[in-house]
Amino acid sequence: MALQALQSSGVTFRKILSHFPEELSLAFVYGSGVYRQAGPSSDQKNAMLDFVFTVDDPVAWHSKNLKKNWRHYSFLKVLGPKIITSIQNNYGAGVYYNSLIMCDGRLIKYGVISTNILIEDLLNWNNLYIAGRLQKPVKIISMNEDVTLRAALDRNLKSAVTTAFLMLPESFSEEDLFIEIAGLSYSGDFRMVVGEDKTKVLNIVKPNIAHFRELYGSILQENPQVVYKSQQGRLEIDKSPEGQFTQLMTLPKSLQQQIHHIMDSPGKNRDVEETLFQVAHDPDCGDVVRLGLSAIVRPSSIRQSTKGIFTAGMKKSVIYSSLKLHKMWKGWLRKTS
């Protein structure tokens, strides 16, 4: 599976992981503290490490973590593991973050998500939140033998490639493709207006082309709809209506439904397949797909950020937002200098 190429045995990450309950179906770390980024996030040594822990039983996991790491939680800890899990699962994007934690001399934040909710997001893009993180290079620290989860991780990568194809011209470079893929989960994200460096996607991709190639190379080689000239770093795809219809029909369910909602005229009552057939013949097919992505990402990012005020606590939320705005300001100064 393509994701295995990015597994890490990093001692730093494993030492940090040892501070948490062990019952994890998947644990990974991502961001500028792991993979070098251009721009204001280039200080890798001091960058915060971003972890995600996937757990089969969130109530049991939070119960153990509250005993081990009581101080990681905001005031919500007094409500107990069942309420914390309810907030995790039912609000935002299905993930509960504890932020600005000092652990083994490194500043970290970590998100906890249910295995079932993650699998749903990977397959259907209900929120395209953690699924979006996993479309970019990450370091997998531990992963169990859950066949369903592994298949969903692979499906998510293939869906990212197909979606990017629909928004690209007939011929393009590897870098063009990876920029589209890295930007999928930022489409419509309100944080790209306030709080994030506007060149974030480019800063992620440009120093990490080799890592993106590791992640997606085998998928591109095996895809019957693309001619992948890996030596030249160029790709050619089928942009005929028939080719685009095939791609649209394999998109995640939530994205198909959003496209249907955007394009289905009142009173016509067409099914999703009919709408996708129409979109496949539309010269603005790529723009419609982008609108569908935004319709998923925008509300998800707003809900998750609002939830973060409560899960992190007001003080940490202000500090974290200040750090983001400072990074955004540094990026603007660098761009104008």
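**Second largest pocket.** I looked up which element contributes most to the lining of the second largest pocket in this predicted model, and I found helix 6, which gives 4 residues. The space inside this pocket comes to about 240 Å³. Elements that supply two or more lining residues are helix 6 (147-166), helix 9 (209-222) and helix 10 (241-249). I listed the lining as Arg155, Lys158, Val161, Thr162, Ile219, Glu222, Asn223, Pro224, Gln225, Thr246, Gln247 and Thr250, and sorted by class this lining holds 3 nonpolar, 6 polar and 3 charged residues.

**Lys158 again.** I noted Lys158 as partly exposed at 31% relative accessibility, whereas Asp154, with a relative accessible area of 18%, is buried because the value falls under 20%.

**Other salt bridges.** I recorded 8 salt bridges in the structure, and I followed up some of them. The side chains of Glu23 and Lys64 form one at 2.7 Å, N to O. This pair links distant parts of the chain, since Glu23 sits in the loop between helix 1 (11-17) and strand 1 (26-30) while Lys64 belongs to helix 2, 41 residues apart. Glu23 is partly exposed at 43% relative accessible area, and Lys64 is also partly exposed, at 39%. I then turned to Arg270 and Asp264, whose side chains meet in a salt bridge at 3.3 Å, N to O; both of these residues are buried.

**A histidine in a loop.** What does the side chain of His72 make a polar contact with? I found the side chain of Tyr110, at 2.8 Å. His72 itself lies in the loop between helix 2 (58-68) and helix 3 (81-90), and I noted this residue as buried, with a relative accessible area of 12%.

**Positive phi.** I looked up two residues that have a positive phi of about 50° although neither is a glycine, namely Asp104 and Leu128. Asp104 is placed in the loop between strand 3 (95-103) and strand 4 (106-114), and Leu128 in the loop between helix 4 (115-124) and helix 5 (130-133). Is Leu128 buried or exposed? I have Leu128 down as buried, with a relative accessible area of 1%, while Asp104 counts as partly exposed at 41% relative accessibility.

Definitions and conventions. Residues are numbered from 1 along each chain as its sequence is written. This is a predicted model: local features need pLDDT of at least 70, side-chain atom pairs count only at pLDDT 80 or more; totals for chains, interfaces and linings use all residues. Side-chain values use heavy atoms; hydrogens and water are left out. Buried means under 20% relative accessible area, exposed over 50%, partly exposed in between (1.4 Å probe, protein chains only). A polar contact is a pair of N or O atoms within 3.5 Å; within protein, one must be able to donate a hydrogen and the other to accept it, and residues adjacent in sequence count only if both atoms are side-chain atoms. On a 1 Å grid over the protein atoms alone, a cavity is a set of points where a 1.4 Å probe fits but cannot get out, and a pocket is an open set with protein on both sides within 12 Å along at least five of seven lines; lining residues have an atom within 4 Å of a point. Grid points are joined across faces, edges and corners, and a volume is the space filled by probe spheres set on the points. Ala, Val, Leu, Ile, Met, Phe, Trp, Tyr, Cys and Pro count as nonpolar, Asp, Glu, Lys and Arg as charged, and the others, Gly among them, as polar. A salt bridge is a side-chain nitrogen of Lys or Arg within 4 Å of a carboxyl oxygen of Asp or Glu.
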